[in-house]
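Visitor: Could you walk me through a few backbone features of this model? I would like to learn how to read them.

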Amino acid sequence: MPAEPLKTGNRKPKTALKAAVLAAGLGTRLRPLTDLCPKPLIPVLNRPLLGLLLAQLEAAGCCQVAVNTHHLADRVHDFLQAEPWGFALSVSHEPEILETGGGLRQLGEVLREGPFLAVNGDIVTDLDLAAIYHSHRDGAVSTLVLHDCAGYNNVWVAGDTVVSIGAPPPGGAGGPLAYTGVQVVDDRLWRYLPPPGQPYNLVQAWREALAAGETLAYLKVSGHFWQDVGSPANYLAAHRRLLAGESPGLARYFPGLADPLIGPGARLGAGVQCRGGVCLGAGVTVGEGASLAGMVAWDRAVIGPGVEL
C-alpha cells in the first residue's frame, strides 16, 4: 500500500537525517492493554511512546520520517495527523503485517536512496540518534547499535564487525552483545530482502548478508538509558527507572516530571499514599485510603477506596 504523506511543520530541517520507526507490531505480550490501544501509543509517563520517539527524532534534526502501521492503524494515523511535526512525515500502512524485514523494506521505499536511521517502536532510550546516524560505515549493509545487556546478548562481534546472530560463530570467536533496536540501514541491505510488499524476517536478511560476505557493522554504546517496553514487567520497569531519575536526558520530554506523576484532572481521596514509582494519567480517580507503589494507571482509570497496588 503506498505511503500516505501527512501534514508537516514549518521548521527547516537541520540535517539530511532520515528515519524509519517500526511501529506495526501487534503488541501481543502487552495484551489485554493492546486490545484497545495500539502498542505505539501506550503512554510512557503519560505521553504516547510514539510521540516521544518522534520528538527525539525531531530534536536530532530529522528532515523526513516514515512510520509503518498495522494493528489499530486508524488510531495511530489520527495521533500523527493531530501533531505539528517539524519534518516530512509519511505513514506506510500494512494491511497484512510484513514482519520486521518486509516492513523495513517498504519504509525504505518511502525514504528513497541513501542510508537512514531505523528505530524499533517499543523502546525508550536516550541514545544520541544524530551521532548514531553519522557513525554509519560506508559499504556496510547496516550499522547495528549494540550494548552489553544481560539477557539480551545474542549478537556476536569480532573486531569491528558482526560475525553471527542468535548463536556463537563456528570456532567461538568474538563475544556477544545485545541489539538496542536502533540501526542505520544502507541500500545494500535490499539485496537480501524481497521486493516491497512481501513479508520477511530482518534477522534472516542479516544472516544472508553475512553469508554472502557483506559487512554488517556495529557501534557499541554504553552509559545510556535503554528499556524495552514490550511486556508488562518491562513497561513498569521503564516507569520505575524514569521516575527514579535514571535518565536526565529524557526529562526534558516530560515537563513537570515527579514521583508521583499525577496527570491533569486526577483526583486523590483523603489518605491516599503514593509510595514510589507511581504514574497516574489524566482524570484518574483514586479512592480514599488507597496505597499505591510501582504502578501505572492510564487516563480515566478508577481505583477504589482502600485498594493496595
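Visitor: Where is Pro260 found?
Guide: Pro260 sits in the loop between helix H7 (232-243) and strand E15 (261-262); helices (H or I, at least four residues) and strands (E, at least two) are DSSP runs, numbered from the N terminus. Residues are numbered from 1 along each chain as its sequence is written. This is a predicted model, where local features need pLDDT of at least 70, side-chain atom pairs count only at pLDDT 80 or more, and totals for chains, interfaces and linings use all residues, while side-chain values use heavy atoms, without hydrogens and water.

Visitor: What kind of peptide bond joins Asp259 and Pro260?
Guide: Most peptide bonds are trans. Here, the bond joining Asp259 and Pro260 is cis, with omega about 10°. The bond from Arg31 to Pro32 is cis too, with omega near 10°, and Pro32 lies in the loop between strand E2 (18-22) and helix H1 (33-36).

Visitor: What about phi, and is Leu45 buried or exposed?
Guide: Most residues other than glycine have a negative phi. Leu45, not a glycine, has a positive phi of about 50°, and Asn46 has a positive phi of about 70°. Leu45 is buried at 4% relative accessibility, whereas Asn46 is partly exposed at 32% (buried: under 20% relative accessible area; exposed: over 50%; partly exposed: in between; 1.4 Å probe, protein chains only).
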